[in-house]
Amino acid sequence: MGDAGMSTVEYAVGTVAAAAFAAVLYRIVTGDSVVTGLTDLVNSALNTSF
């Protein structure tokens, strides 16, 4: 007997895992080091003379 799709429990576990992964990525991207790095990159790009 092969199941064609995921069951409700599998959907729930997948949704929780996806939400946890999104929360971790959000914490990384909004961390001070990333924000500082992106700010420095943008500032250096804007201050570059052609």
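Helices (H or I, at least four residues) and strands (E, at least two) are DSSP runs, numbered from the N terminus. By that rule, the protein chain has two helices and zero strands. This is a predicted model, so local features need pLDDT of at least 70 and side-chain atom pairs count only at pLDDT 80 or more, while totals for chains, interfaces and linings use all residues. Residues are numbered from 1 along each chain as its sequence is written, and side-chain values use heavy atoms, with hydrogens and water left out.

Now the surface. The protein chain exposes about 4,600 Å², an area found by the Shrake-Rupley method with a 1.4 Å probe, where only the protein chains shown count as cover for residues. Carbon and sulfur atoms supply 68% of that area. Of the 50 residues, 2% are buried. Buried means under 20% relative accessible area, exposed over 50%, and partly exposed in between (1.4 Å probe, protein chains only).

Turn to helix α1, residues 8-29, where F21 is found. F21 has a relative accessible area of 54%, so F21 is exposed. F21, V24, L25, I28 and V29 make a nonpolar surface patch of about 470 Å².

The T48 side chain reaches the backbone oxygen of S44 at 2.6 Å.

Methods: Patches are made of residues with over 30% relative accessible area and no salt bridge: like charges are joined within 9 Å, nonpolar side chains (Val, Leu, Ile, Met, Phe, Trp, Tyr) within 5 Å. A salt bridge is a side-chain nitrogen of Lys or Arg within 4 Å of a carboxyl oxygen of Asp or Glu. A polar contact is a pair of N or O atoms within 3.5 Å; within protein, one must be able to donate a hydrogen and the other to accept it, and residues adjacent in sequence count only if both atoms are side-chain atoms.
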